[in-house]
Amino acid sequence: MTQSATANRETMGFQTEVKQLLQLMIHSLYSNREIFLRELVSNASDACDKLRFEALHNDALFENDSDLKIRVAYDAEAKTLTIADNGIGMSRDEVINNLGTIAKSGTREFFSKLSGDQQKDASLIGQFGVGFYSAFIVADKVTVRSRRAGESVAQGVVWESDGGGEFTIEMTEQAARGTSITLHLRDDQGDLLNGHKLRSIIHKYSDHIVQPIVMKKEEWKDGAQVITAEDETVNQASALWARAKNDISEDEYKAFYKHVGHDYEDPLAWSHARVEGRQEYTQLLYIPARAPFDLWDHNARHGIKLYVRRVFIMDDAEQLLPPYLRFVRGIVDSSDLPLNVSREILQESKDIEAIRKGCTGKVLGLLADMAENDKDKFATFWEQFGRVLKEGTGQDFANQEKIAALLRFASTHSDSEEQNVSLADYVARMKEGQDKIYYITAETFNAAKNSPHLEVFRKKGIEVLLLTDRVDEWVVGSVTEFSGKSLVSVAKGGLDLGSLEDEAEKQEQEKQASDHQELIAKIKTSLAERVKSVRVTHRLTDSPACLVADDNDMNANMARMLKAAGQKVPTSLPILEINATHPVVVRLNTEQKHFDDWAAVLFEQALLAEGGQLDDPAGFVKRVNHLMLNMGAA
Ligand code: ADP
């Protein structure tokens, strides 16, 4: 931040990201300009919540005025609109930090994703949260006056900016605690200087705000509207979640979501319930329609808002839901917890455990219902949050079955990359005599789909799940069976197809194995340290060879992932399986001079085919060239 000071008034530069955000916001959200009021009222409401919470421990912060409210006023002559609150307020440093920088983690990455395409960027900005800076959609100058609750009158701060690269900051006397934000409206925004218009925007977006939003009453006198001295409350001003379900409209639920979820789009679904029993609480939980930009950022705070008897306690109470449900937004309002509950207490509290269990059950129930009754919605959910939900299979053993039922995978049934096959779908399509759920894990969809390991399954028309998300290795590590059928990797162990193979096939295999004993021994000797063993395959139809992991060894994809993550992996050698009827293998059987090269290439191409990396790629190229030149010269 650059600084230049004159007496008490200082000019400072915005953080680069703020400048970018301001530019984008003004241009891309223009058609949605009314949201600025929602954002500023939402901030004012949060500021009142924070004051009420801090005042629990320090009543003096109320400065004898605990009647928290938000005031919206306009001045048609001066062309200004003011949103004021008597909430917590900000100190000078807080003003500079909060209104001059973006503190969110992942901000830089977020900005690098913006494309310059206004429509796309507008929805990205929505996910990022527009907040205070949305004021500049309608204003060409914004003046913020603030004083932190409990500070002396001399600690007032004035912040001002025209939304260019800089803002000014100045200390003044300010009697009223809290924050007032004055928007000097752009010339074409005159229609906002109208009581009726403002009231309708407040109804639309901010009705659910807990504090009263007051405006001066307006009356008609001699054919003109005059503003009286009397205040009136414009919104409902009651905690939405405390109202009866059938008194709340869909639009009210959606508007409330935008406030608590800091989102710009409608939610996908929600669950609102009052829970009675050992713990009494109300929960209103939402599934967003789109993943936030920081879903994978481990420093980002995730969680829902905790209230105790309507008093706001904290944001991001991550103990109220397990990490794999970190995309859920909403509130829990407890009737039993003490008001002075802290994060530390939350971590150990048995009561919180009961609430977490309850909330987890509600969310999983909501998802199961969506999966059953609204497949399109569930597909949207899965696309956005499926990979997060998959983490639950290893985190939440108590709910593993329920989570497993929600999982969706790509499969050879359609060979489409879209993950839309459930384990139940798979089981319903199983072949007669099939008693296992087969899957393959690979780094990419194409590697999975084209893997030689699938050849026999394709030939027999047996469906195989294609797992290509990193987290899938953990999924199949935790979910070992579904509906009594075990999940089995096609790239591991002896592959017992049981009654899916007939007697003739089995006899043929045994014959192949005994006919090729000598060749197998020779390859084993040639490849020495590179393979655990060599055997005749019954997995392949078109490829000459493939690698498989032994039953109790780690599979190759998992080992590669762990290595890439810098972890030590126990070295276990693969088993080379050869397709005895393949011309290359038939040819190898007669090879004398270049046997070692042939065996090495057979091994190396099997490794490449499953997405592995060669230890010595140059050696491989040399061997292939050598063989090409000696083609036919056995
Ligand atoms: P967000 O609300 O998503 O954090 P904003 O840009 O809207 O982002 O606001 C940035 C910060 O400025 C808020 O987190 C809050 O600390 C502070 N702030 C904004 N408006 C007010 C207000 N009316 N009273 C007190 N603090 C405020």
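Rings of Phe, Tyr and Trp are taken as a pair if their centres lie within 6.5 Å.

**View 1. An aromatic pair between phenylalanine 132 and tryptophan 159.** In this predicted model, a search of the whole structure finds 17 aromatic pairs. One of them joins phenylalanine 132 and tryptophan 159 edge-to-face, with 5.4 Å from centre to centre and 80° between the planes. The pair links distant parts of the chain, 27 residues apart. Phenylalanine 132 lies in the loop between helix 5 (118-128) and helix 6 (135-138), whereas tryptophan 159 belongs to strand 6 (residues 156-161).

**View 2. A salt bridge between arginine 33 and aspartate 191.** Side chains of opposite charge can pair when their charged atoms come close. The structure has 45 salt bridges. In the salt bridge of arginine 33 with aspartate 191, the N to O distance is 2.6 Å. Arginine 33 sits in the loop between helix 1 (16-28) and helix 2 (35-55), and aspartate 191 in the loop between strand 8 and helix 7, 158 residues apart.

**View 3. A patch of negative charge on the surface.** The patch gathers Asp140, Asp162, Glu166, Asp187 and Asp188. Aspartate 188 is found in the loop between strand 8 (178-185) and helix 7 (195-206).

**View 4. Domain 2 and domain 3.** The domain assignment places domain 2 at 240-378 and domain 3 at 407-490. Their C-alpha centres lie 33 Å apart.

Methods
Residues numbered from 1 in each chain as written. Predicted model: local features only at pLDDT ≥ 70, side-chain atom pairs only at ≥ 80, totals over all residues. Heavy atoms only, no water. Domains from an automatic or database assignment. Patch = residues over 30% accessible without salt bridge, like charges linked within 9 Å, V, L, I, M, F, W, Y side chains within 5 Å. Areas by Shrake-Rupley, 256 points an atom, 1.4 Å probe, with all protein chains shown as cover. Salt bridge = Lys/Arg side-chain N within 4 Å of Asp/Glu carboxyl O. Lys, Arg positive; Asp, Glu negative; His and termini not counted. Charge placed at Lys NZ, Arg CZ, Asp CG, Glu CD. Helix = DSSP H or I, 4+ residues; strand = E, 2+ residues; numbered from the N terminus. Phe/Tyr/Trp six-rings, centres within 6.5 Å; stacked < 30°, edge-to-face > 60°.
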